[in-house]
Amino acid sequence: MYDCIIVGGGIAGLQAAIQLGRYRHKVLVIDKQKGRSALCGSYHNLLGWPEGVSGPELRERGRRHAERLGVEFLEDEVIAAAKSDDQFQVALAGDGGSFKSQTLLIATGVMDRFPPLPGLEERLGESIYICPDCDGYEVMDRRAVVMGAGEAGSGMAMAISYWTDRIIYVNHDRSAVSTSKREALEARGIEYIEEEIEEVLGGEDKSFCGVRLKDGRVIEGERAFIAFGGNRVITDWAMPLGIERLENKHIVTDPRTKMTGVPGVWAAGDVGIHAEQTSIAMGEGALAAIWIHKELVKRLRQKTVEHSG
């Protein structure tokens, strides 16, 4: 029996694990090692890392930090959760096993949808980005290519036009873009191309220099963003608990405590109404952990009173 099981070992989950470890709680982090932060080559928008830090390095440092505090880790995928009285049980995909805890923190995040284009994934966070708030700065006054689909891509192109007026939007899926959106792109001088991308081009240093299209054309650029839409919020496994979700599958939480509408269950990071910010994920993880600790202390005191009575 654990005090808390954290499902998801990304930035929010790790920060919560460190906080709970410092409270000396018995904590288990279950993570399948395939989250968004595992793909990011470099975070440049984080206090103390002006030269950037990779997602894998930040995760490894966080895990070592938590392990020093007695937090346990298990590489596996949680496929279901259930509540019985005041306890929670999670079922695993790997060996079909399960674990129980007094409290549960959902930190499974979001997975971005993007096609398996040669040269794309290894440049994420280095010269190809997903969040204009995090990395719009990186394309300032540079020639930028938006690789995307339909209106998700047009929205990204419009967002980064704050930073540069040299933008090409390649609608890889050839999904529909409304007339009004096309007119808005044209008004801002954003070039629009409907054609499948065959390959992402760049150097061995993970730099980006453009894309080769299926028709043979090469579209040059210095930086890129992806926006294909259809990102997957990883919350389906937790729905048997009765948690409230929005239509986009993000979990609703109390903004003060990060607790869901189900007592004993919290959510932090991009599974909530996400901002795609590493620093916000850290803060939410720490905040959730503080309120999880308060709940665990309250339960301990109740048991003490019951036993003494």
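Contact here means heavy atoms within 4.5 Å.

## About the model

This is a predicted model, in which local features need pLDDT of at least 70 and side-chain atom pairs count only at pLDDT 80 or more, while totals for chains, interfaces and linings use all residues. Residues are numbered from 1 along each chain as its sequence is written, and side-chain values use heavy atoms, with hydrogens and water left out.

Let's start with the loop between β7 (110-111) and β8 (128-129), where R123 is found. Strands (E, at least two residues) and helices (H or I, at least four) are DSSP runs, numbered from the N terminus. R123 has 6% relative accessibility and so counts as buried; buried means under 20% relative accessible area, exposed over 50%, and partly exposed in between (1.4 Å probe, protein chains only). Setting aside neighbours within four places in sequence, R123 is in contact with I128, V200, L201, G202, G203, K206, S207 and F208. With G203 there is a 2.9 Å approach, from the side chain of R123 to the backbone oxygen. A polar contact is a pair of N or O atoms within 3.5 Å; within protein, one must be able to donate a hydrogen and the other to accept it, and residues adjacent in sequence count only if both atoms are side-chain atoms.

S127 also has its place in the loop between β7 and β8. At 2% relative accessibility, S127 counts as buried. Not counting residues up to four places away in sequence, S127 touches K206, S207, F208, R223 and A224. For F208, the backbone nitrogen lies 3.3 Å from a polar atom of the S127 side chain.

## Helices α1 and α3

Next, a helix pair. The axes of α1 (residues 11-22) and α3 (residues 55-68) come within 9 Å and cross at roughly 20°. Axes are lines fitted to C-alpha atoms, for helices over the stretch in contact, and angles run from 0 to 180 degrees between N-to-C directions. The two helices α1 and α3 are therefore roughly parallel to each other, a label for angles under 35 degrees. On the α1 side, I11, L14, A17 and I18 meet L58, R59, G62, R63, H65 and A66 of α3. By class, this contact of α1 with α3 has 6 nonpolar, 2 polar and 2 charged residues. Nonpolar covers Ala, Val, Leu, Ile, Met, Phe, Trp, Tyr, Cys and Pro, charged covers Asp, Glu, Lys and Arg, and the others, Gly among them, are polar.

T278 belongs to helix α7 (residues 278-308). T278 is buried, with a relative accessible area of 10%. Beyond neighbours within four places in sequence, T278 is in contact with I11, Y43, L46 and L58.

## Helices α5 and α6

A second pair is formed by α5 (residues 150-160) and α6 (residues 179-187), which pack at an angle of about 30° with their axes 10 Å apart. Helices α5 and α6 are therefore roughly parallel to each other. E151, S154, A157 and M158 in α5 meet K181, A184 and L185 in α6. The residues of this contact between α5 and α6 divide into 4 nonpolar, 1 polar and 2 charged.

Within α5, the buried residues are G150, G153, S154, M156, A157, M158 and I160. They pack against α4 (132-135), β9 (144-148), β10 (167-171), α6 and β15 (223-227).

Note on methods: Angles under 35 degrees count as roughly parallel, over 145 as roughly antiparallel, 65 to 115 as roughly perpendicular and the rest as oblique.
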